[in-house]
Amino acid sequence: MSSNPSPSNSSRFEGCTLTGALSVLTEVRDAVCIIHGPAGCTHHNFSLLHATLLSNDRLEVPRLLSTRLTENGIIFGGEEALEKTLARALSLSPAPASVFVLSTCIVETIGDDTEAVCAKDRGIPVIAVPTAGFLGGVFETGIRNALSTVASLARPVTETTLSANLVGEKNLEYGVDENAAEIARLLGLLGIGVNLRFVRGIETRDIERLGSAAVNILREPALRPVGEGLERRLGTPYVDSFPAGLAGTCRFLEEVGRICGIDASAAVEEERACQAAMLAGFADIAGSRVRFQSAHPMLRTDPGAVAICTECAEALDLAVVPDGAAIPLPYPAPVGTAGLRRMLHRWRVLIREKKRG
Amino acid sequence: MKQIALYGKGGIGKSTTAANLSAALAGEGLDILQIGCDPKHDSTRMLMHGTWIPTVLDLIRERGDENITADDVVYGGFRGVRCVEAGGPEPGIGCAGRGIIATFQLLERLDALKGDVIVYDVLGDVVCGGFAMPMREGYAQEVYLVTSGELMSVYAANNIAKAIARLSRRVRSRCTLGGVICNAKNIEGERELVEEFARRINSRLIAYIPRSRVVQVAELQKQTVVEYAPESDQAAVYQELARTIHRNETTSIPTPLEMDELESFALEFVQV
């Protein structure tokens with residue numbers, strides 16, 4: 001139990017396990033997610049997912065069903081309600097290609113055997129995902145549980161191609177597709193394609209090819225347990241984070257190259273030139289005075305973000321001084337060179353505002 | 001209105017004691033309501049001459065709680081004792097504790113909790129908050145622990161004393177321990193052991209019910225002892241218990257024993 005109410009502890013590090021899992025599972029577009037619990041658990045998450053999709057200009061409706069448990073379901077057990085909802089899911093049109101069954105606090109408390117109900121053969125994959133929040137998990141746990149569970153649909157590996165999977169993209173955040181495009185661009189420098197976005201905008205069938213990639217690129221180090229699980233099961237090595245920072249982006253190319261047995265030096269050269277051209281675009285703010293601050297007074301300063309900002313400040317010859325233009329530290333860290341470009345655009349606006357007074 | 005609850009280890013004879021107590025209280029001309037709070041729903045069966053009455057939760061499951069009246073859940077038994085069985089889910093599924101809570105809410109709404117004495121007969125151990133419901137505000141003010149001299153039964157009674165002590169700390173709580181009833185198993189020194197246990201948890205032995213074959217025989221006839229053998233010594237014991245409980249005004253907040261205290265207590269009484 002956390003007694004620290006600061007936003008850094010309540011954003012993605014706490015929150016509901018169920019929401020974390022749904023942020024992954026609803027991106028399997030031909031699946032239906034059943035939330036086994038009271039209707040409110042579904043309603044709340046439906047609203048959140050729908051609103052997030054809308055604000056990312058995606059007019060989609062997450063396919064969620066609730067077992068709508070009420071007090072009687074709790075007293076007498078909710079497995080029958082789950083059976084009924086599963087039958088309803090299977091009768092939907094278009095028919096789902098898979099069904100994920102997510103548990104809630106109350107059904108885990110009364111000991112409903114969700115897994116046993118899912119184990120019956122129904123012609124399509126019906127997969128139980130443990131997501132009861134009270135067991136100590138947080139949003140992040142939900143993401144990990146969901147990724148690991150969905151991975152059970154991967155076919156055994158026969159051969160791998162020179163390609164990569166993007167693992168655990170942060171589907172509820174802005175810039176998800178821009179970040180993916182940046183990774184695809186960087187991988188392209190090495191001649192590596194994207195095998196699968198795991199999980200973003202894919203279909204159940206796509207998951208079968210999860211094991212054919214030569215490397216898994218995890219969104220962030222918190223996903224290491226997932227990366228390790230995939231390595232054990234499918235033999236795919238992983239890079240533990242999307243690249244951040246100027247040097248970090250070049251290191252990323254080297255690391256992916258090393259894993260895939262590719263000489264990355266030409267790609268790194270090319271990227272350095274690309275970074276130089278990008279920085280040249282901000283020559284107008286060279287010599288400006290800046291200072292970095294947490295995005296919110298209650299957020300702790302993230303040393304990784306400070307390192308990235310300091311690196312950019314040096315590259316642009318900015319003076320970091322106490323009375324400089326206030327620049328909020330980025331969260332999450334900008335991805336690749338394109339992410340830095342977007343970040344520097346914001347810096348420029350802040351520097352100009354400060355100069356105008 | 002006096003509300004009492006009988007708690008104790010499973011199989012110790014709570015329901016037999018409760019049914020005979022209710023029957024004997026009714027013999028004093030009192031209006032009695034007995035509520036079985038156990039998914040096994042066999043608390044009132046002897047009062048009902050072997051009939052399994054529909055349980056509150058069966059009715060809720062079949063009809064929903066909107067379409068139930070007091071007459072659907074309250075059944076008149078021997079000497080007019082009104083009988084209710086809470087019931088519960090099938091074994092191995094659901095949440096029986098929540099079932100007790102739902103039952104109480106429904107009985108409240110139906111205004112069914114009335115009479116001169118209400119006897120709550122609660123399952124083996126206070127395994128969760130639901131089964132502590134009868135001890136909560138507005139329900140039983142007096143709890144009677146039923147135990148034999150067997151140590152497992154004493155342990156269970158001590159555990160229940162913990163629940164009473166916990167609940168009695170609540171501001172508006174009126175739950176207290178009325179006393180300990182020894183339902184004997186014919187163990188040597190049994191009465192002394194239970195008496196001493198009661199004393200150590202800041203209570204007292206309120207009745208000693210000797211083991212008697214007539215209890216079994218009456219049960220085979222699907223009757224309480226009070227009905228089957230009203231002139232027997234055993235019936236007299238239950239009548240005395242009824243009178244004692246009815247006029248009992250001495251209750252206490254129990255001081256349950258710690259596990260090591262319990263163990264050394266056991267060693268004092270059991271010859272190894």
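This is a predicted model: local features need pLDDT of at least 70, side-chain atom pairs count only at pLDDT 80 or more; totals for chains, interfaces and linings use all residues.
Two residues are in contact here if their C-beta atoms, placed from the backbone, lie within 7 Å.

A:Ile285 sits in the loop between helix H12 (265-280) and strand E9 (289-293) of chain A.

Next, the domains. Chain A is assigned three of them: domain 1 (7-153), domain 2 (163-278) and domain 3 (281-356). Over C-alpha atoms, the centres of domain 1 and domain 2 of chain A are separated by 28 Å. Where the two meet, 20 residues of domain 1 of chain A are in contact with 22 residues of domain 2 of chain A. On the domain 1 side, helix H2 (17-25) and helix H8 (139-150) of chain A each supply at least two residues. The largest share comes from H8(A), with 6 residues. By type, that side of domain 1 of chain A divides into 10 nonpolar, 5 polar and 5 charged residues.

Which residues of H10(A) are buried? They are A:Val226, A:Gly227 and A:Leu230. These three cover an arc of only 100° around the axis, so they lie on the same side of H10(A). On the other side of H10(A), A:Glu228 and A:Arg232 are exposed. As background, an α-helix has 3.6 residues a turn, so residues three or four places apart point the same way. The cover over the buried residues of H10(A) includes H8, strand E5 (163-167), strand E7 (215-218) and strand E8 (238-239) of chain A. Just after H10(A) comes A:Gly235, with a positive phi of about 80°.

Now a sheet. In chain A, 4 strands form an open sheet in the order E2-E1-E3-E4, with parallel pairing. Strand E2 (64-66) and strand E4 (126-129) of chain A are at the edges, each with a single partner strand, so one side of each has no neighbour in the sheet. On average, neighbouring strands of this sheet are turned by 25° against each other, direction ignored. Strand E1 (residues 31-36) of chain A pairs with E2(A) in the parallel sense over 3 bridges. In E2(A), A:Ser66 is the bridge partner of A:Ile35. Helix H3 (residues 39-55) of chain A packs on the sheet and touches E1 and E2 of chain A. The direction of H3 makes about 160° with that of E2(A).

Last, the contact between the chains. How many residues does each chain put into the contact? Chain A gives 8 residues and chain B gives 10 residues. On the chain A side, helix H4 (residues 71-76) gives the most, with 5 residues. The chain A side divides into 4 nonpolar, 2 polar and 2 charged residues.

That is the tour; I will take questions.

Conventions: Residues are numbered from 1 along each chain as its sequence is written. Chains are lettered from A and ligands numbered from 1 in the order in which they are written. Domain bounds come from an automatic or database domain assignment. Ala, Val, Leu, Ile, Met, Phe, Trp, Tyr, Cys and Pro count as nonpolar, Asp, Glu, Lys and Arg as charged, and the others, Gly among them, as polar. Two strands pair if DSSP finds at least two bridges between them. Axes are lines fitted to C-alpha atoms, for helices over the stretch in contact, and angles run from 0 to 180 degrees between N-to-C directions. A residue is buried if 20 or more other C-beta atoms lie within 10 Å of its own, exposed if 12 or fewer, and partly exposed in between; C-beta atoms are placed from the backbone. The arc is that of the directions from the helix axis to the C-beta atoms.
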